[in-house]
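Hi,

Here's the structure I said I'd pass along. Have a look, and then read on for what turned up.

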Number of protein chains: 2
Amino acid sequence: MSKIKVTRAIISVFDKTGIVEFAKELVNNGVEILSTGGSYTTLSEAGINCIKIEDFTGLKEFFGGRVKTLHPLVHGGILSKRDEEAKALNIKSIDLVVVNLYPFEKIVENGEKNIENLIEMIDIGGPTMLRSAAKNNKFTCPIPSAVYYDKIISEIKTGGISTETSFKMALETFKITSYYDSVINNILAQYTDSDKNIMSNEKITIPLRKNLDVRYGENPHQEGAYYSIPDFPENNLSEFFDKGKLNGKELSYNNINDISAVMRILADLDANSCVAVKHCNPCGAAQRTTTFESFKAAYEGDSMSIFGGIIGFKGIVGLDTAELLNGIFLEIIIASDFTPEALDLLTKKKNLRLLSYKKWEDKIFNEDTFEIKKVLGGVLIQEKNQSIPKNETYKVVTKKTPEQSEINDLKFAQTLVKHVKSNAIVIVKDNMLIGVGAGQMNRVTAAKIALDWAKEKAEGAVLGSDAYFPMDDTVKLAASRGIKAIAQPGGSIKDEDSIKACDELGLSMCFTGFRHFYH
Amino acid sequence: MSKIKVTRAIISVFDKTGIVEFAKELVNNGVEILSTGGSYTTLSEAGINCIKIEDFTGLKEFFGGRVKTLHPLVHGGILSKRDEEAKALNIKSIDLVVVNLYPFEKIVENGEKNIENLIEMIDIGGPTMLRSAAKNNKFTCPIPSAVYYDKIISEIKTGGISTETSFKMALETFKITSYYDSVINNILAQYTDSDKNIMSNEKITIPLRKNLDVRYGENPHQEGAYYSIPDFPENNLSEFFDKGKLNGKELSYNNINDISAVMRILADLDANSCVAVKHCNPCGAAQRTTTFESFKAAYEGDSMSIFGGIIGFKGIVGLDTAELLNGIFLEIIIASDFTPEALDLLTKKKNLRLLSYKKWEDKIFNEDTFEIKKVLGGVLIQEKNQSIPKNETYKVVTKKTPEQSEINDLKFAQTLVKHVKSNAIVIVKDNMLIGVGAGQMNRVTAAKIALDWAKEKAEGAVLGSDAYFPMDDTVKLAASRGIKAIAQPGGSIKDEDSIKACDELGLSMCFTGFRHFYH
């Protein structure tokens, strides 16, 4: 394995961490150091002998140093193939490019909003030197981060940097430069009114930063991680998982998935409502005038699945609710906030995860985002389902018109069914979820499961469906269990059969025009 | 709104599309053109007056042009703030940077494998000029693609480029440079043995290219698209959706999702098996010695849900199978291949989508990939679930030991349950799926649904579970329906209760040690 013998290095770093020690070691190993602006000052002040880049190029710095390294002698030195041409031109080779970039992402996170200041923090010379070295990694090694200093020194001490290491540094470089420009694009896009829809791009990258360590993925044998998309602090919802957690064990991969499901459902529900979630599906839900009443009703709707589940509230949890919650085994409770008394009681369970989303409420409930899913050979991307079922139009298609209370229940049913995995049917009575048929491969089985769940409570209840009825069997089954009103998108070629069955059996039915498949 | 008056442009393009016409228009509008290597030749030969970059910088090209534009006079001209300093230094401003990059991605797609040739195709000067202009977009407009030429000319004709347009071009630039480096990183990573696990990266971008237009996302009111991750042709599975389609309507978003589910299931099944999928869950499946027998058994297991579904074969579909398939309403049939007679028959249905995966078989069945899912504020990423249930260890924990035929059925059950949305229970008899309980919020309900589906066929069958039993109710229910053997991961604090129930009721049970949650 051939090695890169380092005789000359260029050092140009914004983050000065460890640079003095690193440069000293380089000098001790006979390396000549070229340096720029702030790096030169830092090194010189530490007594390290180095050459100013101006003295190397013979060009005085101008435009505040914007172009100091964009020079043929610098890039000739980095890109040199160490051949006859380089010798003939007397190009001095640069074997090591030690560069880290202006911290664009960091000032974004610190809340800098002034566009001029943001743009000033876009590094031009740094990425160029790193990319030049990465291209010529056979001869020149890029060092894009301080974390590699020790490794590099130890290799230099043994005679040079292995070409394998240099190649890995090249990979690391393209990772960093790609991420850097991806963040810049994502942030600057917020300063235009142009199309922010990710799918308007033929080619795109999404910048992802590991944000929260989780022990493993969906299962213990799968590694997993939570990545956030860098943004201004007020848009940074990933903070919620960290700073919003008031009590309990660390969050797992499945917890984050379930919490996200809860927040999406709460976004569509009214104030003071409550929802219970298991395996990303709602298993209990109710809308009442207080969180206490909503919880009681949600629990009444299903007191079995809730075991080991997650409960979310669109409002504040007080002591009365906390006392009830305290009697159940739960993994997670989420609320806008908890009263001090409620918190006192609930934090007695050391493992119980409590999250307050008050600080991020507006952003969470209005997150305009995309969905992404890995499929064969790539990913599917789509807009988030932004249709809010309670705002859809409920067109009565039957002779019978639903009562106002039934209309309310149908809207609640459709709100929930939107968030149940397809095929999905839900049964609702008095703004309370009493049956769910989730994830089924045919519609009538979904209905049967939901009705079996509701049992005798189905009498006088309403039924919501995430997609149309391919035939009239669901209507007939629903009628036989006492369902009084139905909501579904409509659109089947056999809609008339279902309408006719409703008319014959005395049910009302509304078409909403919006399908809510969700997988 | 202020405008950028263009007096000088630099043109350095690999893709010469439209460049002559564009440059002519620039000259007609009084713009001085600087140009490099191939672009200079193209423009000169077209009779367009332009200045060689060497004549502008006074530096003769060297290293085969690797550093020709990495020059202070070029970048000074691009980055100039058009202020007193620039005037004093006599820096000639460059107002327009017309650059497109070496086609790294394209040569990858064309199958270039030589690492030296790939590296040679990494552009250094081009991204640098574009990024300089993008940073200084207030004064200098980057034009990173030919698609903008017409718009730019029309703005120049009306007095200059709007700063709004220039800002949008800057955004476009960072999108392109980020994507470019992300592709380079992804491709070069294949030349090392270092950790390719995406989660080993703290910061990462994934390059995504829109690959197949779909009419809409999961629902008609959601826009959707299929993006692939650029790769060498033999790794490009996205091709399968396009070139693997032999007949039928265009694929929808949900089709691609379902097809991916089918292929994942087939990957874990034996040769000649058959699986039917609806809403990403298997609803029919069987393993027999021929695809014909497998299909008959899969259909016998469930002949209702299959309606409008998708059927996959791990093998070739012949005329006998095609004749049966022809009698059912299906959306999609996938097979390694179809015999000419089978194809003749099935292609009579113009809408029926037929896909052959033969060409991509090895890659599809060995795809080592990751999962990505949008959650609040970011994404969850995890390894794909690579544990193959038939290769797991089935540890008998009951007094009774399953027969060999039951062990085979348990392995088939666990293979399927891995791909059913959680909570999941499946019932299998004689290598044939006869009941599925999918996507449930509690385990015993999942079991009840699966057993209700199986009806009297459950007698003598086996049951597989994707996760442990929290209590003994599932065992008791299963026994009451005639189930003889059970497989589940084990690991509940109440495992002993379930074992005891099995022993009392005469069932055998195996622990596999592998949970298969899937949401």
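This is a predicted model: local features need pLDDT of at least 70, side-chain atom pairs count only at pLDDT 80 or more; totals for chains, interfaces and linings use all residues.

Let's start with one pair: Tyr226(A) stands opposite Leu380(B) in β19(B). That strand, β19 of chain B (residues 378-383), runs antiparallel to strand β9 of chain A (residues 224-228), with 5 bridges joining them. Strands here are DSSP runs (E, at least two residues) and helices are too (H or I, at least four), numbered from the N terminus; two strands pair if DSSP finds at least two bridges between them.

Residues are numbered from 1 along each chain as written, chains are lettered from A and ligands numbered from 1 in the order written, and side-chain values use heavy atoms, leaving out hydrogens and water.

Now the whole interface. Chain A puts 141 residues into the contact and chain B puts in 141 (heavy atoms within 4.5 Å). About 12,600 Å² is buried between the two chains, with carbon and sulfur atoms giving 57%; that's the accessible area (1.4 Å probe) lost on putting both parts together, summed over both. On chain A's side, Lys135(A), Leu376(A) and Met441(A) lose the most area to chain B, together 8% of what that side buries.

There are also 12 salt bridges across the interface (a side-chain nitrogen of Lys or Arg within 4 Å of a carboxyl oxygen of Asp or Glu). One of them links Lys203(A) and Glu105(B), at 2.8 Å from N to O.

Cheers
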